[in-house]
Amino acid sequence: MRAVDIFVHRNRIGNFSDREMSGQRLLQHDAVRQRIGAQVVEPGTNLPERRALGEALSDDLDADPLPGSHQIADVGETRFVLAHKDDCQFGMNPLPAQRTRTCDEFRTQIGGKASSVENQGGHAVAVSSVEGGAPTLKSSPVYRYVVWLIALVGLALAFAVLEPFFASHSTKTAGPAGLTGQSAPVFSLSDDRGSPVSLDRYRGRVVVMNLWASWCPPCRAEMPDLQHLANLYADRGIAIVGVNEGESAVRARAFAQSLRIRFPIWIDGNERYGRTYGALGLPTTVILDRRGTVVRGFDGALTFDQMRAAVASLSTTK
Amino acid sequence: MIGFVTAALLVVVAVVVEIALPGRDVYHAGWYNVGLIAVVGVILVTGRKRFRKARTVRARLAMIVVILGAAASGVAGAASGLLGADNQTVVGAPGQRVPIETLGVLAFPLAGVESSVPAGVSLERPFHTPMQIGVHSLDAGNFILNALPRDVAYVEARDAHGNRLTVTQPMGAVFLSPVLLMQHRQTIAGLDLPYDSFNVPAARRVVKAVLFTPAQAAMVLRGQARFREAAVLFAVDDENDRLLPHAIALSAGGRSVFVGGLMLRGTVESYPAVEIFSAPNLAVTAIGALLVLAGTIALLSQLLSRDDRPDVA
């Protein structure tokens, strides 16, 4: 590709050069060129006219995004616009110090790369013929993507850094409802007669686990209702388990017999269920679904109606 | 150029130190973080000037990389210092799940005398697999967690017939737990000792338990050479907090003592607490450090080779 380097040295249209330098936009249209030729090249153009020209030119630039037919190259400290031979363009020198250089200085600076440096209406224009021209970062087609990529990486890093300080990961409620939605912990315990028991045996059934102790008056009050519930739902896939917290099997069994409790009584001597369920007191009742997932947790004694309501929907779910 | 690169490396080093040596109060000091941000600001300003003067695309790319890396590291460090929570130590009971704001849930295991499974606190976070917290630092994004072994007491209470009784801790981290976390301190005979208390509701007793290390037990019980093991001093009150007569006894080496109508046994165990330090995001800091290093190497290689030729032949 045969390209033409055109450097426009302007010392009187600072508005344009600033804009062009910051936005890296290039002037392309003949109409713009004509306006520049007609007005800017006049050394005596006054400030209001230059401002008006600047506004008109800005409009053109805004409507005309950078086309892909030209490239920018740096030679020494001079920036060139490389364009097709027949596509005459104007470019900016970004360095203020060079705005005042003469044609000879340009010729010296760019050496053999410029075939000619012309004085056009008080503006130095360096013209050279080169083959192609190495693309710079800004002129590369991937430049825009690189900029976007850097911006996205920056945003991602900022998100990674700041998000944890504002996000809350600890929305779990305290107490026995805190494990809702999680698998119930399974511990190997013994029942009140010393036989090993485990929740694993109850998979496929809804389990109502009631944590209790013999010294706890509300537990005593609640026990008959639990037995009533066990009787009522025995054939509907619901199992009631009473887990004694921290007492010996003798005390637990004596207590259960005194109340004619027939559902299984487990002995949790080390109070493991009480701790893992976050029991705030006794009694505590936790309901597990057929897969062993905690679905409800209650702190304190329940009435029989509350018990029924808690298991009603689960008893019909297969 | 040297100053620009040095400032970027300084930022990276300052932030990496926060991860390598976590928990220093200075990381949360205002002047430290303002200084960090100021250095990043200087890098951005000087980098902009250098960028304009750079003659090659390679040099400009390298500068962008250095600036981006330093900014990432600096922001990570300052965010941790200014927005991160103060250092804290979480003492959890076995089986307890402690939610930590902006971090997740610390699950304290059932362990020690109750289980053969080694004690290891795990961190549970949404969309992450649970992580075990060890003695060595564990980075959890914007936090560094350390397991800190500390002494706790496992207690058993029985009645005169040997029947086990429920132990509760109305004032403790967990209501139902036979493990005393010993978070309070008391001076006895010039010794600063940890203590805790528990209730035995079935016997209507309130028990205070003071923990002695073997050396402390030997010092207090002069002449009783057999006390060369950790001990728990029990003081039994009634339900109205009145000390019962002859209701103070020492349970050493896990042996039971009968006091205040109760058979009490205390076993001293080691159980982990968790130290939590806020720290710069490890991934962001690592990426920032790598970017700064890569950009620095590219810039230095250009300087050394004096490759300042322009991109146009």
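Reader: How many salt bridges are there over all chains?
Author: The count comes to 11 salt bridges over all chains, where a salt bridge is a side-chain nitrogen of Lys or Arg within 4 Å of a carboxyl oxygen of Asp or Glu. This is a predicted model, in which local features need pLDDT of at least 70 and side-chain atom pairs count only at pLDDT 80 or more, while totals for chains, interfaces and linings use all residues. Side-chain values use heavy atoms, with hydrogens and water left out; residues are numbered from 1 along each chain as its sequence is written, and chains are lettered from A and ligands numbered from 1 in the order in which they are written.

Reader: Which side chain does Arg97(B) meet in a salt bridge?
Author: Arg97(B) meets the side chain of Glu124(B), at 2.9 Å from N to O. Arg97(B) lies in strand S2 (residues 97-100) of chain B and Glu124(B) in strand S4 (residues 121-124) of chain B, so the pair ties together parts that are 27 residues apart in sequence. Strands here are DSSP runs of E with at least two residues, helices are runs of H or I with at least four, and both are numbered from the N terminus.

Reader: What sheet do S2 and S4 of chain B belong to?
Author: They belong to an open sheet of 4 strands in chain B, in the order S2-S3-S4-S5, with antiparallel pairing. Two strands pair if DSSP finds at least two bridges between them. S2 and strand S5 (131-133) of chain B stand at the edges with a single partner strand each, so one side of each is left without a neighbour in the sheet. The twist averages 30° from one strand to the next; axes are lines fitted to C-alpha atoms, for helices over the stretch in contact, and angles run from 0 to 180 degrees between N-to-C directions.

Reader: How many bridges join S4(B) and S5(B)?
Author: S4(B) and S5(B) pair in the antiparallel sense over 3 bridges. Ser122(B) has Gln132(B) in S5(B) as its bridge partner.

Reader: Back to charges. Which residue does Glu229(B) pair with?
Author: Glu229(B) forms a salt bridge with Arg255(B), at 2.4 Å from N to O. This pair links distant parts of the chain, 26 residues apart: Glu229(B) is in the loop between helix H4 (214-220) and strand S13 (231-238) of chain B, and Arg255(B) is in the loop between strand S14 (243-252) and strand S15 (256-259) of chain B. Glu229(B) is partly exposed at 27% relative accessibility, and Arg255(B) is partly exposed at 39%.

Reader: And what about Glu156(B) and Arg158(B)?
Author: Their side chains meet in a salt bridge at 3.3 Å, N to O. Glu156(B) is buried, with a relative accessible area of 11%, whereas Arg158(B) is partly exposed at 26%.

Reader: Which residues are linked in a network of salt bridges?
Author: Glu247(A), Arg251(A) and Asp159(B) are linked in such a network.

Reader: Which residues make the nonpolar surface patch?
Author: Leu162(A), Phe166(A), Ile37(B), Leu82(B) and Leu83(B) make a nonpolar surface patch of about 480 Å². Patches are made of residues with over 30% relative accessible area and no salt bridge; like charges are joined within 9 Å, and nonpolar side chains (Val, Leu, Ile, Met, Phe, Trp, Tyr) within 5 Å. Helix H5 (143-166) of chain A and helix H3 (57-83) of chain B are the elements that give two or more residues to the nonpolar patch.

Reader: Is Phe166(A) buried or exposed?
Author: Phe166(A) is exposed, with a relative accessible area of 63%; its place is in helix H5 of chain A.

Reader: Turning to chain A, what do S11(A) and S12(A) form?
Author: They form a hairpin with 5 residues between them, and Gly292(A) in the turn has a positive phi of about 85°. Strand S11 (residues 284-288) and strand S12 (residues 294-299) of chain A pair in the antiparallel sense over 5 bridges. Thr285(A) stands opposite Phe298(A) in S12(A).

Reader: What does the secondary structure of each chain come to?
Author: Chain A has 9 helices and 12 strands, and chain B has 5 helices and 16 strands. Of the 318 residues of chain A, 49% count as buried; in chain B, buried residues make up 50% of 313.

Methods. Buried < 20%, exposed > 50% of the residue type's maximum accessible area, 1.4 Å probe, protein only. Areas by Shrake-Rupley, 256 points an atom, 1.4 Å probe, with all protein chains shown as cover.
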